[in-house]
Amino acid sequence: MQVESVIFNAPKEGYADREWEDGAAAGARDWTPVSGPSAFRFAVADGATETYESRRWVNQLLSSFMSPDPATGTGEPGLDAMGMRGWLKEMQDQWQLTAPPGADYIERMKMRQGTLAT
């Protein structure tokens with residue numbers, strides 16, 4: 001079987017490409033040299049512009065969902081309700097631990113409100 005993933009994106013009108021707050025990822029799972037991949041995983045996340053650091057949140061979700069990080073102990077989620085809830089809690093905790101300090105009043109207010117991504 002052959003699978004190809006192409007990710008298209010366009011920034012909002014008036015924004016630069018580097019300001020894209022959404023994300024997508026795809027990749028083979030359980031790769032072996034003899035049989036190739038046994039599964040594929042795809043993820044799309046839509047960051048909420050008005051929230052604090054949504055681009056960082058989107059990147060964290062996608063990278064963790066696609067590949068676990070043994071250094072932080074964060075693993076990819078099980079694809080059931082309980083697995084996803086546990087993984088999301090890990091992601092929230094990790095995001096809080098790595099959040100940079102807010103530089104001004106607006107950033108501090110956004111930090112208290114949290115971040116969002118669909």
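A: Rings of Phe, Tyr and Trp count as a pair if their centres lie within 6.5 Å, and planes over 60 degrees apart make the pair edge-to-face. The model here is predicted.

Q: How many aromatic pairs does the structure hold?

A: There are two. One joins W57 and W95, edge-to-face, with 6.3 Å from centre to centre and 85° between the planes. This pair links distant parts of the chain, since W57 sits in helix α1 and W95 in helix α2, 38 residues apart.

Q: Why is the pair of F65 and W87 edge-to-face?

A: A pair of aromatic rings is described by the distance of the centres and the angle of the planes. For F65 and W87 the centres are 5.8 Å apart and the planes stand at 65°, so the pair is edge-to-face. F65 belongs to helix α1 and W87 to helix α2, 22 residues apart. Both F65 and W87 are buried.

Q: Which residues of α2 are buried, and where do they lie around the axis?

A: An α-helix has 3.6 residues a turn, so residues three or four places apart point the same way. In α2 the buried residues are W87, M91 and W95. They cover an arc of only 75° around the axis, which puts them on the same side of α2. These buried residues pack against α1 (54–66).

Q: Which exposed residues does the opposite face of α2 carry?

A: The face turned away from the buried side carries M82, R85, Q96 and L97.

Key. Residues are numbered from 1 along each chain as its sequence is written. This is a predicted model: local features need pLDDT of at least 70, side-chain atom pairs count only at pLDDT 80 or more; totals for chains, interfaces and linings use all residues. Side-chain values use heavy atoms; hydrogens and water are left out. Buried means under 20% relative accessible area, exposed over 50%, partly exposed in between (1.4 Å probe, protein chains only). Helices (H or I, at least four residues) and strands (E, at least two) are DSSP runs, numbered from the N terminus. The arc is that of the directions from the helix axis to the C-beta atoms. Contact means heavy atoms within 4.5 Å. Rings of Phe, Tyr and Trp (its six-membered ring) pair if their centres lie within 6.5 Å; planes under 30 degrees apart count as stacked, over 60 as edge-to-face and the rest as tilted.
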